[in-house]
Amino acid sequence: MTPSLEEHDLKFTQFGSLFWIHRKTNGVIRSQPQIPADQGASFKGLFLRSLEKGVYLAPNAYEVGFMSNAHTQNDIERTAQIINSSIK
């Protein structure tokens with residue numbers, strides 16, 4: 001998933017089973033003031049296009065997503081493909 005995200009100035013940050021798609025920054029985001037100002041607007045289109053294709057991301061640009069043992073490798077790969085195809 002990373003190459004397509006980076007081409008669009010986005011980053012996939014992961015910690016364990018948590019993930020967050022956000023605008024690139026110069027450093028690690030540790031607090032709310034460090035979140036890019038356009039995060040909400042840039043995420044809305046990705047959320048809506050992914051939803052149309054069957055992937056439900058957290059609807060708020062400031063929320064994380066979760067993966068679990070219920071997700072198969074096929075689920076994860078399909079989700080990555082849909083997210084990549086939804087980036088504009």
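In this tour, a residue is called buried when its relative accessible area is under 20%, exposed when it is over 50%, and partly exposed in between (1.4 Å probe, protein chains only). Helices (H or I, at least four residues) and strands (E, at least two) are DSSP runs, numbered from the N terminus.

The model is predicted: local features need pLDDT of at least 70, side-chain atom pairs count only at pLDDT 80 or more, and totals for chains, interfaces and linings use all residues. Residues are numbered from 1 along each chain as its sequence is written, and side-chain values use heavy atoms, with hydrogens and water left out.

**First stop: helix α3**

Please select residues 73–86, which form helix α3. From first C-alpha to last, its 14 residues reach 20 Å, close to the 20 Å expected at 1.5 Å a residue (the expected span is 1.5 Å times one less than the number of residues). Next, colour Ala80, Ile82, Ile83 and Ser86, the buried residues of α3. These cover an arc of only 165 degrees around the axis, which puts them on the same side of α3; the arc is that of the directions from the helix axis to the C-beta atoms. The buried residues of α3 pack against β2 (18–23) and α2 (39–52). On the face turned away from the buried side, find the exposed residues Gln73, Asn74 and Gln81.

**Second stop: Phe66**

Now select Phe66, in strand β3 (residues 65–66). Phe66 counts as exposed because its relative accessibility is 56%. Beyond its neighbours within four places in sequence, Phe66 is in contact (heavy atoms within 4.5 Å) with Ser17, Leu18, Phe19 and His71.

**Third stop: the cavities**

A cavity is a set of points, on a 1 Å grid over the protein atoms alone, where a 1.4 Å probe fits but cannot get out; lining residues have an atom within 4 Å of a point. There are two cavities of 30 Å³ or more.

The largest cavity holds about 70 Å³ of space. To show its lining, select Phe19, Trp20, Ile21, Phe43, Leu57, Ala58, Glu63, Val64 and Gly65. Strand β2 gives the largest share, three residues.

The second largest cavity holds about 40 Å³. Its lining consists of Leu10, Ile21, His22, Arg23, Gln39, Ser42, Phe43 and Leu46, and the largest share, four residues, comes from α2.

Conventions:
On a 1 Å grid over the protein atoms alone, a cavity is a set of points where a 1.4 Å probe fits but cannot get out, and a pocket is an open set with protein on both sides within 12 Å along at least five of seven lines; lining residues have an atom within 4 Å of a point. Grid points are joined across faces, edges and corners, and a volume is the space filled by probe spheres set on the points.
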